[in-house]
Amino acid sequence: MAAKVSNCKLIDVYYDTLETKILRFAPLQDSLPNFKPGQFLMLYLLREDGSPGESKPYSLSSSPFQRDYVEFTVKVKGFFTQKLDKLTVGSIIGIAGPYGVFCIDESKPSDVVLVAGGVGIAPFMSMIRYAVEKNLDKRITLLYSNKELKDIIFFKELKQLSSMSDRFKTIFTLTRENSVDGWEGELGRVDEDLIRKHVEKPEEKMFFICGTVEMAKDLRATLNKMGVDNKSIK
């Protein structure tokens, strides 16, 4: 059975970094879909007759508690995102979903470590916003890697959320900055040393990784070496 596509209107759009855009869409007729933090929707560009055309999956970065709009965080790079980049406030797109199982299991007692690279922060923003607002009974640590300071998406909000909750903390690390005046974060890639420095008893945590394929592969091998079971890595 074909997925049900609902139309939404672009109500807000802005650049958070030089290459990353935040897009917020409000429903036209149907209510927003109920989703879990970490899930994604299919976005459809509409043809001239209003029917769904090209599509691509995008993780939601808004919290499920936000019912006025859905938010997406996109890096303006590929063929599809270049078309999204041309949308203006008032533009109509189609959405379908939600889909995906990249979600925190709230019934399990284990604390959570989120490891993001660049725009891989998108699904984690949904998780973090939700967890802080709900005061979720889990400790969540975000290890967020970017090339340079200017590349960090949601920099101010992540610092604010970390200050709002004693159960959530963000560790920023930069891979292309040898020295940054006033920089209080880490330098270098997310590796075993950085994980052990900021994560107590990693073998008891649930790890989520979102970044490049190479990053995910390397981190899985590192975590396995540290005693983290594959079942505890998403």
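Two strands are taken as paired if DSSP finds at least two bridges between them, and in this predicted model Asn 7 stands opposite Gly 94 in strand E6. E1 and E2 form a hairpin, and four residues lie between the two strands. Strand E6, for its part, is joined by four bridges to strand E3, residues 40–46, and these two strands also run antiparallel; here the bridge partner of Phe 40 in E6 is Tyr 99.

A further set of strands shows parallel pairing, forming an open sheet of five strands in the order E10-E9-E8-E7-E11. Its edge strands are E10, residues 186–187, and E11, each of which pairs on one side only. Five bridges join E7 to E11 in the parallel sense, and within this pairing Val 112 stands opposite Met 206 in E11. Helix H3 packs on the sheet, where it touches E8 and E9, and its direction makes an angle of about 145° with that of E9.

In soluble globular proteins, nonpolar side chains tend to be buried together. The largest nonpolar core of the model comprises 28 residues, of which Ile 121, Phe 124, Leu 142 and Leu 158 touch the most other members. Two or more residues are given to this core by each of strand E7 (112–117), helix H2 (122–134), strand E8 (140–146), helix H3 (155–164), strand E9 (168–174) and strand E11 (206–210). The largest share, six residues, comes from H2. Apart from this core lies another, of 19 residues, which includes Phe 25, Phe 35, Leu 43 and Leu 87.

Nine aromatic pairs are found in the structure. In one of them, the ring centres of Phe 102 and Phe 208 are 5.3 Å apart and the ring planes lie at 80°, so the pair is classed as edge-to-face, the criterion being an angle over 60 degrees. Because Phe 102 lies in the loop between E6 and E7 whereas Phe 208 lies in strand E11, this pair ties together parts that are 106 residues apart in sequence. Phe 208 has a relative accessibility of 1% and therefore counts as buried, the limit for that class being under 20%. Elsewhere, Tyr 144, Phe 155, Phe 172 and Trp 183 form one aromatic cluster. An arrangement of charge and ring is found for Arg 129, whose charged end sits over the ring of Phe 154 at 5.0 Å from the ring centre.

Technical notes
Residues are numbered from 1 along each chain as its sequence is written. This is a predicted model: local features need pLDDT of at least 70, side-chain atom pairs count only at pLDDT 80 or more; totals for chains, interfaces and linings use all residues. Side-chain values use heavy atoms; hydrogens and water are left out. A nonpolar core is a set of buried Ala, Val, Leu, Ile, Met, Phe, Trp, Tyr and Cys residues joined through side-chain atoms within 4.5 Å. Buried means under 20% relative accessible area, exposed over 50%, partly exposed in between (1.4 Å probe, protein chains only). Rings of Phe, Tyr and Trp (its six-membered ring) pair if their centres lie within 6.5 Å; planes under 30 degrees apart count as stacked, over 60 as edge-to-face and the rest as tilted. A charge sits over a ring if NZ of Lys or CZ of Arg is within 6 Å of the ring centre and within 35 degrees of the ring normal. Contact means heavy atoms within 4.5 Å. Axes are lines fitted to C-alpha atoms, for helices over the stretch in contact, and angles run from 0 to 180 degrees between N-to-C directions.
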